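Open the structure in your viewer and keep the selection tool at hand.

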Amino acid sequence: MEQFHQTFFEESFEGLDIMENELLNLDVGNVDNESINTIFRSAHSIKGGSGTFGFTAIAEFTHVAETLLDEMRDGIRQVTQESVDLLLKSVDIMRDMLTVYKDGGDMDVEKIASVQNELEKMLGNETETTSTDNTITDDSAAQSDGWKIFFKPHTEMLRTGNDPVRMIKALAELGEIEVVANITHLPGFADLNPEDSFLAWDITLKGDIEKKDITEVFEWVEDECDLEITPLANTASNELNAQTKTVSDEQSKTAPATAAPVTQKKQPATTTPAKPSTTKKSSSGEAASIRVGIDKVDEIINLVGELVITQAMLGQVGGEINSDETHNTFQMEKLIEGLAQLERNTREIQESVMRIRMLPISFVFSRVPRLVHDLSGKLNKKVNLVTLGEGTELDKTVMEKIGDPMVHLVRNALDHGIETPEQRLASGKGETGTLTLNAFHKGGNIVIELSDDGAGINKERVLNKARTNGLVGENEMLTDDAINDLIFHPGLSTAESLSDVSGRGVGMDVVRKNIKSLGGSVRVDSDEGKGTVFTIQLPLTLAILDGQLVKVGDETFVVPLVSIIESIQVKSDNLNGIAGKADLYQLRDEYIPVIRAHHVFGMEDNNASLNDRLMVVVEGDGKKAGIIVDDLLAQQQVVIKSLETNYQRVDGLSGATILGDGTVALILDIAGMIEMYKKIGAPEPTAPVPPNGKDSNIADEAA
Amino acid sequence: MSTTATELNSIIGSELDSDADQFLTFILGTEEYGVDILRVQEIKGWDSVTPIPNTPEYIKGVINLRGTIVPIVDLRQRFSMPEVEYGPITVVIVLKIECPDRDRIMGIVVDAVSDVYDVPPEEMKEAPDFGSVVDTEFVRGLATVDEKMIIILDIDHLLSGNEIQATDGLSA
């Protein structure tokens with residue numbers, strides 16, 4: 001049962017997302033039937049699933065919301081902003097309840113009860129007021145007379161373990177029943193497959209029965225049968241209806257479809273309105289896809305990595321045979337051709353496989369409309385949200401981690417950026433502010449722009465605040481960019497009033513930290529009075545890294561390209577020592593510590609002198625350092641593998657990768673190496689005295 | 001050069017008694033050790049490794065095992081036995097280690113692979129306590145096959161996270 005739970009939760013959360021999305025897109029004045037259908041279907045599946053798994057609280061709650069939706073769907077109820085808001089609230093409650101069932105914890109019983117009350121109140125009110133003037137509610141009026149049910153299971157219904165006899169028995173418990181079996185579709189005995197169902201039934205059920213009691217009987221088979229439930233009294237008047245209405249009148253055609261042969265929910269075979277809109281539905285979030293565990297995808301990625309290495313090896317062997325002339329040239333050519341093709345195919349496979357992990361950024365963007373809806377209500381602001389480039393893809397892992405920073409930036413833009421309608425009008429802008437989210441690919445990165453047309457950053461205020469906090473000296477002059485950048489500094493919030501939306505002075509620094517930890521960057525541009533643009537740049541994937549291969553001793557290491565500032569050849573003139581214990585290198589106008597990779601990693605260094613050695617100048621955690629290496633090799637993309645999977649974390653290393661020849665190379669953790677260097681210091685005895693003797697002078701003075 | 005555990009099982013399995021535990025034995029010096037065959041993932045020839053800096057001597061480094069990074073432990077060095085030059089029959093036995101938090105894949109370097117034996121549980125003897133002379137913590141038991149003594153190892157204990165970090169305290 002457990003494994004089904006997982007699927008149920010995943011599907012339910014997805015269903016809630018769909019509901020939320022559709023609810024937010026609902027145009028209250030002009031409601032699209034298909035949207036309501038989509039929302040209803042999601043609610044219905046959640047109800048069904050939670051009932052099956054015994055999550056009764058959800059099932060009960062959802063049932064009430066579903067009833068409301070059902071009425072909307074049938075056109076009994078007008079869709080109002082009020083009801084949409086209430087349904088959104090219900091979505092939240094359902095999400096909370098699901099989370100509690102999934103992860104444990106306590107339910108907020110009061111909150112659930114209060115929303116459920118609101119729902120029930122709304123249900124109670126409006127049915128009474130509308131039922132009087134609505135012909136469609138004939139259903140409920142007719143219920144005392146009884147129902148005519150046509151029930152025809154699809155051929156394969158029995159295989160799902162559903163028994164028509166049991167259902168008919170259940171119906172018999174509801175009231176006086178008359179069942180006529182229709183055996184016209186029964187095949188000859190030779191063709192009869194005992195596992196198939198060929199029968200149909202006409203059932204007349206008399207008595208004071210509610211329709212929902214009947215549909216409940218068929219709840220589990222509604223996708224697997226043709227079912228029509230017609231109120232008994234209505235049959236006659238309906239026929240009359242059909243005769244009087246003109247065939248050309250579209251409107252009246254759909255009306256009796258809902259009124260008279262009340263077709264079962266979600267029933268493609270008989271419902272006319274549901275069919276033509278299926279194509280539209282797929283665009284609204286139900287794209288054709290399969291659910292696959294991420295571990296399976298990673299396994300494929302690993303195997304393809306192996307394939308690439310094998311291919312490289314074959315290519316090399318092929319190249320060697322080529323120069324050997326004793327072989328048959330015709331066969332040789334064929335082999336070379338085949339190898340070239342193998343290389344192409346392998347590369348394509350690798351690209352496709354990496355793409356599996358990529359998802360469109362709309363997964364993150366889809367969280368925003370709800371946030372804007374709620375916040376603009378809370379802050380009394382009018383905001384129009386525009387999203388562009390939603391199809392831009394990025395790695396799932398990156399996506400998961402960018403969600404929270406994005407939410408924070410949106411909150412920030414709504415709270416601090418966009419002004420209230422009054423303020424906007426006063427400054428000559430339209431009443432409604434615009435928040436634009438834009439995503440696009442640039443180089444090997446994805447860029448997300450979040451721009452608003454609000455007040456912009458008040459540079460003077462930021463600067464004053466920074467001065468009072470002592471972040472910036474009294475007379476220090478800063479460029480506009482530098483001032484804007486101050487907002488990412490911890491402990492600097494310029495919000496005049498603290499709200500529960502944003503502005504406690506924590507946040508922007510956390511946003512920057514999170515983005516940096518993903519190997520990305522965030523910058524802000526602001527035009528006072530005109531608006532603010534946050535630009536986030538992120539690597540497309542965390543699985544791949546652009547690296548510089550370096551040689552230390554006999555080993556190859558990978559230095560992440562993002563940490564490298566430059567690579568230089570050490571000139572002894574620029575080398576200085578401190579207390580004979582550390583080497584400092586004068587790089588233009590600053591001094592940076594020199595880290596000998598050999599020493600930090602406890603390897604033999606055959607060359608004691610630093611003169612003329614290669615040094616990679618790197619930056620990690622805001623600290624610069626020079627790392628001495630023996631050789632600079634190629635730059636290439638490497639697939640990151642964890643050392644922790646089978647071993648453990650190792651200081652100074654962030655992982656490992658597999659090179660083209662199949663050997664393992666370790667990836668350096670620059671910040672970690674700088675930390676290690678601080679602990680162990682430079683090698684003892686100190687590096688040979690540089691020719692100019694500066695080293696020893698300083699050492700003497702220190703002594 | 002590499003043979004998977006399942007292949008090994010199918011080659012030898014038919015002759016074996018299904019009740020008894022099966023052990024793959026290997027040679028270290030003059031001693032014969034055994035590991036639970038169900039834990040053996042693969043046996044492969046010794047190939048060069050990528051050393052990991054700042055790790056104990058007996059961690060030879062990591063290898064690429066079909067896309068997975070697998071650490072390799074030299075068992076002689078682990079037991080502080082005299083080192084020998086790696087030769088053509090030096091093999092790496094890739095084992096599945098069950099740690100409390102997760103399973104790991106690790107390789108051990110041994111002198112040579114010997115055989116596969118059945119050892120019924122009742123024939124497994126407890127290792128005598130040698131006090132400080134020999135650390136028997138990693139010994140699951142002793143078995144006698146063809147009048148030879150086989151030391152059955154507790155590889156989870158031997159190769160689990162805490163143990164491979166320890167750099168001292170071993171006497172053999």
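**Stop 1: one glycine**

Select A:G417. This residue sits in helix α16 of chain A, which covers residues 396-417. Keep in mind that you are looking at a predicted model.

Is A:G417 buried or exposed? Count the C-beta neighbours inside 10 Å: there are 26, so A:G417 counts as buried. The cut-off for that label is 20 or more.

Now show the contacts of A:G417. Skip the neighbours within four places in sequence. What is left is A:N412, A:D452, A:G454, A:A455 and A:T532.

In sequence, A:S451 and A:G417 are 34 residues apart. In space, their C-alpha atoms are 9.3 Å apart.

**Stop 2: the partner of α16(A)**

Stay with α16(A) and select helix α20 of chain A, residues 508-517. At what angle do α16(A) and α20(A) pack? The angle is about 155 degrees, and the axes lie 10 Å apart. That makes the two helices, α16(A) and α20(A), roughly antiparallel. Their crossing is left-handed.

Show the side chains where they meet. From α16(A), pick A:K401, A:D404, A:P405, A:H408 and A:L409. From α20(A), pick A:V511, A:N514 and A:I515. Colour this contact by class: you get 4 nonpolar, 2 polar and 2 charged residues.

**Stop 3: another helix pair**

Move to helix α3 of chain A, residues 56-73, and helix α4 of chain A, residues 81-103. These pack at about 165 degrees, and their axes are 10 Å apart. α3(A) and α4(A) are therefore roughly antiparallel. α3(A) passes α4(A) in a left-handed crossing.

Which residues of α3(A) meet α4(A)? Select A:A57, A:I58, A:F61, A:T62, A:A65 and A:L68. Across from them in α4(A), the residues include A:L87, A:I93, A:M97 and A:Y101. Colour by class again. This contact has 11 nonpolar and 3 polar residues, and no charged ones.

**Stop 4: all of chain A**

Zoom out to chain A. It has 23 helices and 23 strands. Of its 703 residues, 28% count as buried. Take the contacts in chain A with a separation of 6 or more: residues 24 or more positions apart account for 71% of them.

**Stop 5**

Switch to chain B. Here you find 4 helices and 11 strands. Chain B has 172 residues, and 31% of them count as buried. For contacts in chain B with a separation of 6 or more, 58% come from residues 24 or more positions apart.

Colour chain B by pLDDT. The mean is 80, and 78% of the residues of chain B reach 70 or more. Then select residues 13-17 of chain B, where the pLDDT is below 50. Beyond near neighbours in sequence, that stretch has 3 contacts in the model. Now try residues 165-172 of chain B. Here too pLDDT stays under 50, and the model has 13 contacts beyond four places in sequence for this stretch.

**Stop 6: where the chains touch**

Show both chains together. The contact takes 19 residues from chain B and 23 residues from chain A. By class, the chain B side has 10 nonpolar, 7 polar and 2 charged residues.

Last, note the scores of the model: ipTM is 0.80 and pTM is 0.53.

Conventions
Residues are numbered from 1 along each chain as its sequence is written. Chains are lettered from A and ligands numbered from 1 in the order in which they are written. pLDDT is the predictor's confidence in each residue, from 0 to 100. Two residues are in contact if their C-beta atoms, placed from the backbone, lie within 7 Å. Ala, Val, Leu, Ile, Met, Phe, Trp, Tyr, Cys and Pro count as nonpolar, Asp, Glu, Lys and Arg as charged, and the others, Gly among them, as polar. Axes are lines fitted to C-alpha atoms, for helices over the stretch in contact, and angles run from 0 to 180 degrees between N-to-C directions. Angles under 35 degrees count as roughly parallel, over 145 as roughly antiparallel, 65 to 115 as roughly perpendicular and the rest as oblique. A crossing is left-handed if the near helix is turned anticlockwise from the far one by less than a right angle, and right-handed if clockwise. A residue is buried if 20 or more other C-beta atoms lie within 10 Å of its own, exposed if 12 or fewer, and partly exposed in between; C-beta atoms are placed from the backbone.
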